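Please open the structure in a viewer and keep the selection tool at hand.

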Amino acid sequence: MPIDRRTFLNRTAATGAGVALAGGALTGTDTAEAAPLGGHGGRGPRTTSLRVLGTTDVHGHVLNWDYFTNAEYDDATHNDVGLAKVATLVEQAREEAGRHRTLLVDAGDIIQGTQLSYYYARVDPITGGNGKRPPKHPMALAMNHMKYDAAALGNHEFNYGIPVLRAFEEQCDFPLIAANALDAKTLKPAFQPYVVKHVRVPGGPDIKVGILGLTNPGIAIWDKANVQGKMTFPGLVEQAKIYVPKLRSLGCDVVFCTDHSGLDGSTTYGDAIPYPENASSLVAAQVPGIDAILVGHTHVERPCTIVTNEETGKQVVLSEPLMWGMRLSVFDFDLELRHGRWAVTSVTAGVRNADSVEEDPRVASLVKAEHEAVVTYVNQIVGTCAVAMSATESTYKDTPIIDFINRVQTDTVTAGLTGGQYAGLPVLSEASCFSRTAAIPAGQVSLRDVAGLYVYENTLDAKILTGAQVKDYLEWSAQYYVQTAAGAPVDVTKITNADDIPDFSYDVLSGVSYDIDIAQPVGSRIVGLTHGGAPVDPAASFVLAVNNYRSGGGSGYPHVATAQSVWSSSDEIRNTIIAWVQAKGTIDPSSFGGDAWRLTRDGAPLF
């Protein structure tokens, strides 16, 4: 539901009535305190400083733990993850700069991404039910303890539906902010757009810090089923142009944006909506009055990026810390008193690495019971597998583990269409390699083995495509490969992810067989497309089992977003796969069918 004007004004610290915000809580008169850096006798300080710390894309990581491997998290560069690690970095940064003049902000994607966060959304949900008192979300427990001041909404906040998000919001001691998340009927803010923090300077006026939250317009596509008719998501630039002047008019000395949107202006959803997905650099360049931006969404490390505002010529400092709590961004502001108001004279930014510190034992102890419950849950046995399957080669070879996903989706949609108008149409299925480290062992299979194969909260749709549209779909997918001439050396680590296309944007189709000729230019790579041993008729109709992200336009695939929908499910595909294994008892890759795809160059197989 939207926040009405009276409620919002009563909860904001910038009304001129002496209301201040501290420790992330929207409360009465507490203020943070900034130590002066310099002064002139009894006239009070003339300079001071402020520090803002930032996290983003934590995705449900509280501890340095991998619920899919049942072990401490590790990767090729030995990063550590989780808010328990970040909490130690935060305490160090607060001690250095003065904890009462240090703010802590997040840029979104908080409550989705691990089995820990999934458990408290779906298994033992924070919304409660059956007369049971709702549990506390582990992310709220950790973030409240760390005393966050504000957090922007990320697109994944909407994956579990608005009721779960509202329940999380109620558990937080800090506001969830998003100036471009509007009530679809009233077009008023559905969440608090901004928060104003008063940082006290002994002997001088308070520093007023306006923190503006901006989320991602792609939510309208990616979580269409959860938000359509309820919320709408205009562009970041458009809403920042409304709220940055407002924050300045309210007397803010510092305007800090927290954006769940990357830097480069790119978009994965094509022209499905008129606002760019990654717009933080555009916000900095096109909206005067911003001092710094905490960037999120793209899962890349950008310690410090400088963008010059096109209107004022002022430099805006942006920083994006690496995801999952691997890094902490640190913004340092120097300010000077001018005409009775604080003015920013310089801003610097950098990142700190979570692998350099130990976990904060207080944060770890706060979520100990929740963590142990989830470890028990993910280690339950759901079935067996005839042979081991791995996703290691799935981005460049036809592998049984991806065929497994497609088999489950095909069976599920086929069953859903039984007895209906479209029961006679052939069912195709799309699947992506979401994790190259995913594996299903031979023998006993645990829930975490299956969950590690499908890490997103996608649901399953079924849409009608023609044969010609299927070929277009595959041509779009084949952009993923770097054009490689016949006879040229092949390095499998370098032929994928052309133009930085992520693995999750590359689809494999089952129900058809085809070659991808990577010696050919984009748009002319699909060769020998057949169904049931015969060439695909461009006019023939097929049902495509497709996840809701792709169905809504995610990654910009042609035709599918506007195609006729003939069936859908509200259950996550991950759960559908688990239920399939439990019902069948055994995964047998030899039963997955004879459809195949392969990479070629000028007709010659690559492998």
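**Two helices in contact**

In this predicted model, begin by selecting helix α2, residues 83-97, together with helix α4, residues 138-146; their axes come within 10 Å and cross at roughly 10°. Because angles under 35 degrees count as roughly parallel, α2 and α4 are described as roughly parallel to each other.

Next, display the side chains where the two helices meet. On α2, the contact is made by Leu 83, Val 86, Ala 87, Val 90 and Arg 94. Sorted by class, the contact of α2 with α4 comprises eight nonpolar residues, no polar residues and one charged residue.

**The cysteines**

Now turn to the cysteines. How many disulfides does a search of the whole structure find? The search finds zero. Select Cys 304, which is in no disulfide; the nearest cysteine sulfur belongs to Cys 257 and is 16 Å away. Cys 304 has 38% relative accessibility and therefore counts as partly exposed.

**Confidence along the chain**

Finally, colour the model by pLDDT. The protein chain averages 92, and 93% of the residues score at least 70. Select residues 1-30 to see a stretch where the pLDDT is below 50. Beyond near neighbours in sequence, residues 1-30 have 66 contacts in the model.

How values were computed
Residues numbered from 1 in each chain as written. Predicted model: local features only at pLDDT ≥ 70, side-chain atom pairs only at ≥ 80, totals over all residues. Heavy atoms only, no water. Disulfide = S-S within 2.5 Å. Buried < 20%, exposed > 50% of the residue type's maximum accessible area, 1.4 Å probe, protein only. Axes fitted to C-alpha atoms, helices over the stretch in contact; angles between N-to-C directions. Helix = DSSP H or I, 4+ residues; strand = E, 2+ residues; numbered from the N terminus. Parallel < 35°, antiparallel > 145°, perpendicular 65-115°, else oblique. Contact = heavy atoms within 4.5 Å. Nonpolar A, V, L, I, M, F, W, Y, C, P; charged D, E, K, R; others polar. pLDDT = per-residue confidence, 0-100.
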